[in-house]
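Hi,

Here's the structure I promised to pass along.

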Amino acid sequence: MEYAFIAVGVIMAIAVIITLMKVVKGTRLGTVNTNSDGDKETSRLCETLGGEELFNLANGLVDEDGGKKDVGLWKSFMSAAAKKSCVPAMREWGKYCKFSNNNEAVFWLERAANAGDAQAGIELGKIYYYGANYGNPIIEKNRELAAKWFKQFAEAGDAAAQKEYGDYLMCEKKDDKAALEWYEKSAEQGFAEAVNEIADNYYYNEEPEKALENYLKAAKLGSSDAEHSLGEYYSDLDEPDYKEAFGWYLKAAEHGDTIAMCRVGEMYLEGKGVLKDCSAAVEWFEKAAADHSVRSIYMLGKCYAEGLGVEPNISKAIELITDAADYDAEAQYEMGMRCLEGNGVKKDIGKAVKYLEKSGNGRYHNNAAANYKLGELYYEGKLVKKDDELAKKYWYMSAGCGNQDAIECLKIYFGETVEEEEEE
């Protein structure tokens, strides 16, 4: 009798394995869920298999790049696994729900975190730290609640949570000493981003040798942020080592750092630290622009305008520069000057002034050249109504950024002297 039960168990196990193989094979061929038989088989598997088996099935539908071969089937398996209390499935289903239903995302992430899943706890902490203004409903920022989750798993020894809790202490509580203690704990476990934070701290506290040591350590551990920082480090030396800087920027770019991609393009364009290669510059600008780098979109526009690495195409150039001008100060300045002169676009003084004002008085930037030009326009009174007070205002803004022409204009035309800040 005992052998009969064993035999039945073996037969059932083999049947499950064969069914799973058929499902996976069908998924690869794109045939699963395309008919009622496929739907029934999926439903049967979701009912009969355990949570871990369903989770493994769902994972089998994910390719190397994280894409899902069959989203519908993945959702069926992962949600069923979560409902059967498979902890990693609850975490992954919660992460997926972030893009549609924030309450459901929080529900599943909390269940996984309460079951001891550190990744879920960190994900939950980030939702509360940054807020969720996508999906439905909106979740407001709650930094203290975020800190609760980060701290819980930091104290449990999770390196990523220790780094996140360190960030909270550094940014929210302004407690550098406590933050560094958590970064050190995380770094001791080889967490690259924590090592990079330690390096940043040394750099900002003007301890370059210790900063360099830790940047190199973080880069060795695989931190693209550290590779980028090393590029900046060697570029910002009193005697810059652009060749070394280029090498680090290139590594960061190859690891997906969009800002580094743009910097590599600029260095190729200028022949700085590497042989000048405008075609290579364009390739890097295109890669970064595809990842929505505003600066790269602008630089690509300049390449088309000047025929650098590509055939000149003023229409394409204007299209790119205009796109970048929604955010980039240099692009705004260039469009302002083009509208002022009728260069590649229809001459439009009103639009020119708007572009120059955006460039010179943006939320995150203050373009000295744009403010100088506005001062000049209002002082001369040829293209706009003369207004000495506005001219003075814009020249002061430009002078505040060190523009020598603005400083001279204030002195010559208004008899006012601007004290220049001494360089340290």
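Let's start with α17 (residues 294-306) and α18 (residues 314-324), whose axes come within 8 Å and cross at roughly 160°. Axes here are lines fitted to C-alpha atoms, for helices over the stretch in contact, with angles running from 0 to 180 degrees between N-to-C directions. Helices (H or I, at least four residues) and strands (E, at least two) are DSSP runs, numbered from the N terminus. At that angle α17 is roughly antiparallel to α18; the cut-offs are under 35 degrees for roughly parallel, over 145 for roughly antiparallel, 65 to 115 for roughly perpendicular, and oblique for the rest. The crossing of α17 past α18 is left-handed, that is, the near helix is turned anticlockwise from the far one by less than a right angle (clockwise would be right-handed).

On the α17 side, V294, I297, Y298, L300, G301, K302, Y304 and A305 meet I314, K316, A317, L320, I321, D323 and A324 of α18. Contact means heavy atoms within 4.5 Å. Sorted by class, this α17 and α18 contact has eleven nonpolar, one polar and three charged residues. For the classes, Ala, Val, Leu, Ile, Met, Phe, Trp, Tyr, Cys and Pro are nonpolar, Asp, Glu, Lys and Arg are charged, and the others, Gly among them, are polar.

A quick word on provenance: this is a predicted model, so local features need pLDDT of at least 70 and side-chain atom pairs count only at pLDDT 80 or more, while totals for chains, interfaces and linings use all residues. Residues are numbered from 1 along each chain as its sequence is written, and side-chain values use heavy atoms, with hydrogens and water left out.

The other helix pair I looked at is α20 (residues 349-360) with α21 (residues 368-380), where the axes are 8 Å apart and the angle is about 135°. That makes α20 oblique to α21, and their crossing is left-handed. V353, L356, E357, S359 and G360 in α20 meet A370, N371, K373, L374, L377 and Y378 in α21. The contact of α20 with α21 divides into six nonpolar, three polar and two charged residues.

Zooming out, the chain has 23 helices and zero strands. Of its 424 residues, 45% are buried, with buried meaning under 20% relative accessible area, exposed over 50% and partly exposed in between (1.4 Å probe, protein chains only). Among the contacts in the chain with a separation of 6 or more, 42% come from residues 24 or more positions apart.

Now the inside. The largest nonpolar core has 117 residues, and F77, Y165, V264 and F285 touch the most other members. A nonpolar core is a set of buried Ala, Val, Leu, Ile, Met, Phe, Trp, Tyr and Cys residues joined through side-chain atoms within 4.5 Å. Helix α16 (residues 278-290) gives the most to this core, with eight residues. Another core, of eight residues, lies apart from it and includes W395, A399, A406 and V418. As for Y165, its contacts beyond four places in sequence are A147, F150, K151, A154 and W182.

- M78 sits in α4 (residues 71-83) and counts as buried because its relative accessibility is 0%. Leaving aside neighbours within four places in sequence, M78 is in contact with F55, A58, N59, A89, E92 and W93.
- H228, in α13 (residues 224-235), is buried too, at 9% relative accessibility. Not counting residues up to four places away, H228 touches Y249, A252, D257, I259 and A260.
- K126, in α7 (residues 118-130), is partly exposed at 33%.

Finally, some backbone geometry to check. Most residues other than glycine have a negative phi. E206, not a glycine, has a positive phi of about 55°; E206 is in the loop between α11 (192-204) and α12 (208-220) and is exposed, with a relative accessible area of 67%. H292 has a positive phi of about 70° and is not a glycine either. H292 lies in the loop between α16 and α17 and counts as exposed at 66% relative accessibility.

Cheers
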